[in-house]
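Q: I would like to go through this model with you, starting with its charged side chains and then turning to a sheet. Shall we begin?

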Amino acid sequence: MEKQVVDIARRAFNTGRSRVLQYRVEQLRALLRLIRQKQEDISVALTHDLHRNEFNTPLLELIGLENEIKLAERELSDWTRPQPVQKNLLTLTDDVFIKAEPLGVVLIIGAWNYPWGLTLGPLIGAIAAGNAAVVKPSELSKNSASLLKELLPQYLDQEMYHVVTGGVPETQELLKQRFDHVFYTGNSTVGKLVMEAAAHHLTPVTLELGGKSPCYIDQNCDLAVACRRITWGKFANCGQTCIAPDYILCNSSIQNRLIEGIRQTLQEFYGENPKSSPDYGRIINQNHFERVLALMEGCSVAVGGESDKSQCYIAPTVLKDVLPHARIMQEEIFGPVLPIITVGDLNEAICFINDREKPLALYIFSSDKKVIKRMLSETSSGGVVVNDVMIHYTISSLPFGGVGNSGMGRYHGKHTFDQLSHKRACLIKSLGMESLNKARYPPQTSSRLRRARFFMRSRLCSCTHLTCVWAIISTMLALGLLIALLVVLLKGIVI
């Protein structure tokens, strides 16, 4: 089944129809229609999967997808246009450029926490770049996966774009097939398996993973604003967000104020009982529910802590005075639990961050420019946001991706197009002006070597327009005439 799907996609790609820009635009517009026309069905599926309400679905996933599609449609002709590059004297009159071309068939393995945004986002880039694609949604968000399999063939080219549902066996079988790129969103453990499987075919991968994203709160900041923004980012989607603040680093002198600020904000956001709030989600399944509860063992609960296994409900929870070696600090939480670790000063906070794997995101709250500058210059992360959380994900011009253990590769906007394109180096020469090439031919002499060195020097010209080329040629001719005139004058003087 999986092999047949890949074969169909490859045959469709080999017809060449996805290389035509108008075809890509038509597919992008069809995907946009799917999102807009089926928003209600998508919302219902997400309500069953993650207890999302009808307002959070557009906010957390669909608006971003619409913007990505409209951006790709608007900019596609520019993205695909050959890009002139710097030349040397030897190639001065030639066409030298980079041309983006499709890779072929792309495998997209989506994630369950944002089953539409994290699956269709890469697909937008695959379509824009002219690739065929096989999409494997997560089996954990089963309602969304089933709906995607039903809807996608109704809107997109059925031979070029496929949805394969199922669990681990189906994913493993897909990974045995030869793809031209694999795009995986999930955790680092599975990411290593994906990369290992792709290595058998020397297939490049994009791994959008996660990790423990720190949130450093400086004493010199507006704590009320910090608490609101952190509370929103941490507890949206019930904490099941790869770039959610995983833990807080702060001085012990402000810990209690932070706890009280978060407590008040939670009440403002979700009321006295978050369990009854339509804006508060649920853990995806009971296995993850048990895992998150187990991480909290031995920690001191400052806010929340309540749970209900029958509903996979865990209340928004804040833990205080958490020790660095606590179990909850050994893996990504991916749930509505926020540990607070106290540090003595900025130096200790920086060391704490650098002693661990590089995170997908780093959040800094401070009004002190020196603190911000040091954090930026002395730490490493996939992305960084100052005085807010997660909002960088919404900016298509910023590359989104990890570093080290938090992933490799980047996407969003043109970055997705670039990630899923082959940047082909192109040089188009004429058969004339052969005299310029003699310096590279044998037999070699010292004089020929000097000429070769001169002609192979780079020149700051990346323009292919004839005006630029002829301007340089005219300058060279003028210099040549000047030298010839000087030689004649010198000969006249000598005579």
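Q: Which side chain does Arg52 meet in a salt bridge?
A: In this predicted model, the side chain of Arg52 meets that of Glu61 in a salt bridge, at 2.8 Å from N to O.

Q: Is Arg52 buried or exposed?
A: Arg52 is buried, because its relative accessible area is 4%, and buried means under 20%.

Q: And Glu61, buried or exposed?
A: Glu61 is buried as well, with a relative accessible area of 3%.

Q: How many salt bridges does the structure hold?
A: There are 23 salt bridges in the structure.

Q: What does Glu75 form with Arg74?
A: Glu75 and Arg74 form a salt bridge in which the closest N and O atoms are 3.5 Å apart.

Q: How do they stand in terms of accessibility: what are the values for Glu75 and for Arg74?
A: Glu75 has a relative accessibility of 23% and counts as partly exposed. Arg74, at 55%, counts as exposed, since the exposed class lies over 50%.

Q: Which residue forms a salt bridge with Lys429?
A: Asp94 is the partner of Lys429, and their closest N and O atoms are 2.7 Å apart.

Q: Where do Lys429 and Asp94 lie in the chain?
A: The pair links distant parts of the chain, as the two residues are 335 residues apart. Lys429 belongs to the loop between β19 and α15 (446-455), while Asp94 belongs to the loop between β2 (87-88) and β3.

Q: Lys429 first: what is its relative accessibility? And is Asp94 buried or exposed?
A: Lys429 counts as partly exposed at 39% relative accessibility, whereas Asp94 counts as buried at 4%.

Q: Which residues do salt bridges that share partners join into one network?
A: Arg10, Arg178 and Asp180 are joined into one network in that way.

Q: Turning to the sheet, in what order do its three strands come?
A: The order is β1-β3-β19, in an open sheet with antiparallel pairing.

Q: Which strands stand at the edges?
A: β1 (83-84) and β19 (421-428) do. Each has a single partner strand, so one side of each is left without a neighbour in the sheet.

Q: Over how many bridges do β3 and β19 pair?
A: Strand β3, residues 95-102, pairs with β19 over eight bridges in the antiparallel sense.

Q: And which residue in β19 stands opposite Ile98?
A: Ala425 stands opposite Ile98.

Key:
Residues are numbered from 1 along each chain as its sequence is written. This is a predicted model: local features need pLDDT of at least 70, side-chain atom pairs count only at pLDDT 80 or more; totals for chains, interfaces and linings use all residues. Side-chain values use heavy atoms; hydrogens and water are left out. Two strands pair if DSSP finds at least two bridges between them. Helices (H or I, at least four residues) and strands (E, at least two) are DSSP runs, numbered from the N terminus. A salt bridge is a side-chain nitrogen of Lys or Arg within 4 Å of a carboxyl oxygen of Asp or Glu. Buried means under 20% relative accessible area, exposed over 50%, partly exposed in between (1.4 Å probe, protein chains only).
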